[in-house]
Amino acid sequence: ILLFMAAILGFFVWLNFRGTGVTGTAESVMTLAKIVVLLIFVVFGLKAVAAAPAEAAANFNPFFPKGFGGVLVAMGLTFIAFEGYDLIATVAEEIKDPTKNIPRATYISVAISVAIYLMILFVCIAAVSSAGMTSWEFLGEYQETAIVMAAENFMPGVGVVIIVIGGLLSTMSALNATVLASSRVAFTLGRDRWLPAAMANIHPKNRTPHVAILATGVLVLLMGLSLPI
């Protein structure tokens, strides 16, 4: 697992070293593939809901099984899932017409994320059926792997494989975006002398902050090797 992690990290550090254009293209491809996987999941979930509408409706009764306090607790745990949009601002110097495009990109990304989250949550709660427990208890039981178990519940056998691939794409796209954004933060701090000035070095050919990218990769590697993942 650690070797696999190091290889994936090395690939994305190399990609970021190559240039912002190729990094952005890879990010777009992975993100679109991930959205396609999630939409396939939603379609199968909606088919399951259409096949048993009464059972689906019953899964939402009561609507707040843990009261509104449970919603607040869930918000405290899930807000970080929306945090990715802040990476847009960290790469402001790479963006054409940033005063116009950064706000636009932020609002659009948040809107798309909320729409996808709502669809996923709806089908997970409505379409999952499990003897002896409610759908939300079933999902809570499996925690981080809940969406995989939901796929196993109402998708064909290949559905689990598709969702696992989607999860890998999601993790890799997040890693790629983090290396991109973190290296730009380190670059700016180096330019302002809050970090060593070498962080602000620009590669003469690729026009990327190669020292900051390498430092970011080393930091991520050390965290990956030393922390429980």
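**Notebook: helix α6 and the cores**

I began with α6 and found I102, T106, I116, I120, V123, C124, A126 and A127 buried. I note that this is a predicted model.

I checked what those buried residues touch. They pack against α2, α3 (53-58), α5 (86-90), α7 and α8.

Next I looked at the span of α6. The helix has 30 residues and reaches 42 Å from its first C-alpha to its last. That is close to the 44 Å expected at 1.5 Å a residue.

I then turned to the largest nonpolar core, which holds 21 residues. F41, L139, A150 and F154 touch the most other members. I listed the elements that give two or more residues to this core: α2 (20-51), α6 (98-127), α7 (135-142) and α8 (146-154). α6 gives the most, with six residues.

I picked out A150 and left aside residues up to four places away in sequence. A150 touches F41, C124, V128, F138 and L139.

I also found a second, separate core of 11 residues. Its members include L9, L15, M30 and I213.

Last, I stepped back to the whole chain. I counted 10 helices and zero strands. Of its 229 residues, 29% count as buried. The C-alpha trace spans about 65 × 40 × 30 Å along its principal axes.

I noted an accessible surface of about 13900 Å², with 73% belonging to carbon and sulfur atoms. The chain has 12 positive and 12 negative charges, and their mean positions are 15 Å apart.

Note on methods: Residues numbered from 1 in each chain as written. Predicted model: local features only at pLDDT ≥ 70, side-chain atom pairs only at ≥ 80, totals over all residues. Heavy atoms only, no water. Core = buried A, V, L, I, M, F, W, Y, C linked by side-chain atoms within 4.5 Å. Buried < 20%, exposed > 50% of the residue type's maximum accessible area, 1.4 Å probe, protein only. Helix = DSSP H or I, 4+ residues; strand = E, 2+ residues; numbered from the N terminus. Contact = heavy atoms within 4.5 Å. Expected span 1.5 Å × (residues − 1). Areas by Shrake-Rupley, 256 points an atom, 1.4 Å probe, with all protein chains shown as cover. Lys, Arg positive; Asp, Glu negative; His and termini not counted. Charge placed at Lys NZ, Arg CZ, Asp CG, Glu CD.
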